[in-house]
Amino acid sequence: MTINASEKSAISSGTEAGFTPSEEPTTELGVKTSRKSSRRSTSSTGTPSNFLPVSFPNKFLPLLLILPEVLVVAVFFIWPSAQAIYQSTIQSNAFGLGSKFAGLANFKAALASGYTRSLTITAIFTLVTTVVSMAIGLLLAMQVEQTGRFRPIYRTLFIWSYAVPGAVAGTIWLFLFEPKIGPGAKLLQSMGIHWNFALSGSQAFTLICAMTIWQQCAYNYIFFSAGLQAIPANVIEAAGLDCKGWQKFKYIIFPLLSPTTLFVLILDVLSALFGSFSVIDIVSQGGPGGSTTTLVYALYRDGFQNGDVGLAGAETLLLFVLSAILLLLQSRITRRRVHYR
Amino acid sequence: MLSQSNKKKTTALIASLGFLAAACGSTASATTSTVAKSTTTTTEPLTGNANASNPITITVWTAFSGVLGQTFNNLVDQFNASQGNYKVVAVYKGPYATVLADTIAAYKANAAPNITQIFDAGTATIMDAQGAYVPVYKLMKENNIPFSTSEFIGGAASYYENNQGNLDSMPFNSSTPVLYYNKTELANAGITTPPATWSQVQADADLLAQKGQKCALTSSGAYVMWTDLEEFAMWNGLQYATNNNGYSSINNVSLNITAQPFVDHMAMLGSMAQKGEYVWNGTSTSTVPLFTNGTCAMYEQSSASLTTIAAGAQFPFGVAPLPTVDGSNSAPQNTVVGGASMWVMAGQPSNTYAGDAQFLQFLKSPTTQSYWASHTGYVPVTKAGSQLLGQQNFYASHPNDLVAVNELNNKPPTAYSKGIRLGYLPEVRAVEASAIADILSGKQTAQAALASARTQGNAILQQFAAQYNG
């Protein structure tokens, strides 16, 4: 009787969350008896599993139908990317006069101007913010799932920080940690820390990381929370018979969460690589002493502030290659670790 | 399922990169929309002839905000009221660096203003981009308006003249760094005269510290490298960069900031900073409040900040010349102007250029110059303007304003003290600011930080030479 009830709630919560990848994670555990029917019923309301060949009266209609998408991709992705590739081979003065083919000179300049430093800073920043914000997000999600009727309140409170735009969050944190008047700065000073992020590179970097984590862990919390709800309660209950606490988490919950974890990981890495701009621009402008100049900030500085389009084009392409390598590595490593079914 | 989802993520990544490239590939077009607004007003009167009922609009981009913006607008109103053919519209675009970046972006998008204000450090960047602007000396000649380099005060003429001694732009708002000092705090520490040398600054800092005045000195926030490297070089007669600070050629220019006087000066500021006697908090933090609220007793800052400081300081303060290096034979030499000059952009409707010339003529007139200098902390940029102020007994009643003028005219400039003509100087300044942050925070020694700044700065100068040797 109790098992039945919990099964029902598991099914309903699973379908509610709508998280298809983790809906049937239970093959090895052999408790998928009633799952099949529920899956079939959800998929019948969605897209049909077998595609029926669609025929059009003439061949122009399908072309017309895909035209908007083609246009959007061409105008917003292909054309600018082609421009970036073209610009990366051109050298001109700041006003765009006297442009000439430069071969790989822009790439040489890009790699020379503190590139390894920016790369290191970006790597550390990405690693720290991703790992810490994922850990905090998961911890919050686990804790909130165990609470009773206050759960919706906690949920709302914990996702608030993500709703604050980066520019606004940056300004708030800037005020909190302003070395002279900020309450956060005063707290740190009372703890004996000589706080001045305007001069200390490591403090500025720490502040940027802390802000990013503060924002990102709320985002991660949402997904982990949804991922946890998608794990059938009967599985958790069955697992609870054999192992407790950390063991249960390590062998049951965490593996079942792996699709969510992969998803969050990719989003976090992307957001650390590309989305950190606004916070850095407001708090430290890449300084002091270049200690918060990530690859994207260097790109902004060279392309927009210094108007060197050729150099910025080369840096864009380098970043593109770098991200592609990173993504391939990531998918190769996680392929063996992620269980979708 | 798996490979499909991977593919999706790859596409998402590529898409996001494409977006990034989009943001980057169209640097110019990003600002086009904002620019377009001002140009529609510029090009609108093209249809009509210049007359009182339908004046031709002349757009001027500036970095004048606050009180300065108001004072400049007063001048614009005076000009507009004085004639009916042209209507000057001054647009505040943001700080100096933004005006330069926006001007470049607007030029590329064929949406440049008629006249733009480019700051000292941006001079080489635009001067060597021939074709982007109309040289002012030529414009004035074509419009039969008397104009010569020698009309301008030495420090302004030498800073902005080209290789042939002609002015491609018209020097306008010009200032030079001076030493402000808090009379009350110095008197409390038993100091009767402001320090004339840097070792006196250190000695005074110790005296102040004994009386509980911890911070003795601060420098300009955004332009510490201007006060403590560039003008430091001019005032002490030191070479700042090879090729006569870049005046003789843009090729193979190399910074000279690792020379001993620079290293010693920075090391001194670093050791004062460690004791809390010198405070500077990065280029984005204004240091004006540190002086006006009494935190720091002395302040190296542009003479242009005089009115701001006078408005904020609740104590008697004085202005003194910048301290010099002890035992130097070449100091004090002269300082040069900082600030900006007015550039006339190319590619505008032909009927606007006469208006540009008239407006610039108005700006350099003695009455305008005396109004501008007496309402701001800037120096009059023409000799006639300076004379007029003298006749009005302005300096007798405003001794603080005279210090900057005296520094600029202290001695005729040498090859090293004409000014600094380096391409992409704003970028070089950013590199120097980074080095200064490292020195003051104790992260690097002055020697190491300046050496690294020199290497990076030289790479920027090489990049400039490669791009401008078209």
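The axes are lines fitted to C-alpha atoms, for helices over the stretch in contact, and the angles run from 0 to 180 degrees between N-to-C directions. Helices (H or I, at least four residues) and strands (E, at least two) are DSSP runs, numbered from the N terminus.

A word on the model itself. It is predicted, so local features need pLDDT of at least 70 and side-chain atom pairs count only at pLDDT 80 or more, while totals for chains, interfaces and linings use all residues. Residues are numbered from 1 along each chain as its sequence is written, and chains are lettered from A in the order in which they are written.

Let's start in chain A, with helix 14 (residues 295-305) and helix 15 (residues 309-335). Their axes come within 8 Å and cross at roughly 160 degrees, which means the two helices of chain A are roughly antiparallel to each other. Who does the touching (C-beta atoms, placed from the backbone, within 7 Å)? Helix 14 of chain A brings residues including Leu295(A) and Leu299(A), and helix 15 of chain A answers with Val309(A) and Leu319(A), among them. By class, this contact has seven nonpolar, two polar and two charged residues; here Ala, Val, Leu, Ile, Met, Phe, Trp, Tyr, Cys and Pro count as nonpolar, Asp, Glu, Lys and Arg as charged, and the others, Gly among them, as polar.

Now try helix 5 (residues 115-146) and helix 12 (residues 258-274) of chain A. These axes come within 9 Å and cross at roughly 140 degrees, so helix 5 of chain A is oblique to helix 12 of chain A. Phe125(A) and Met134(A) are among the residues in contact from helix 5 of chain A, and Val264(A) and Leu273(A) are among those from helix 12 of chain A.

Next, look at the loop between helix 13 (277-283) and helix 14 of chain A, where you'll find Gly289(A). Because Gly289(A) has 27 C-beta neighbours inside 10 Å, it counts as buried (20 or more is buried, 12 or fewer exposed, and in between partly exposed, with C-beta atoms placed from the backbone). Leaving aside neighbours within four places in sequence, Gly289(A) touches Gly201(A) as well as Ser434(B), Ala437(B), Asp438(B) and Lys443(B).

That takes us to chain B, which is divided into domain 1 (36-175 + 338-400) and domain 2 (177-334 + 424-468), with bounds from an automatic or database domain assignment. The C-alpha centres of these two domains of chain B lie 29 Å apart.

Methods. Angles under 35 degrees count as roughly parallel, over 145 as roughly antiparallel, 65 to 115 as roughly perpendicular and the rest as oblique. Two residues are in contact if their C-beta atoms, placed from the backbone, lie within 7 Å.
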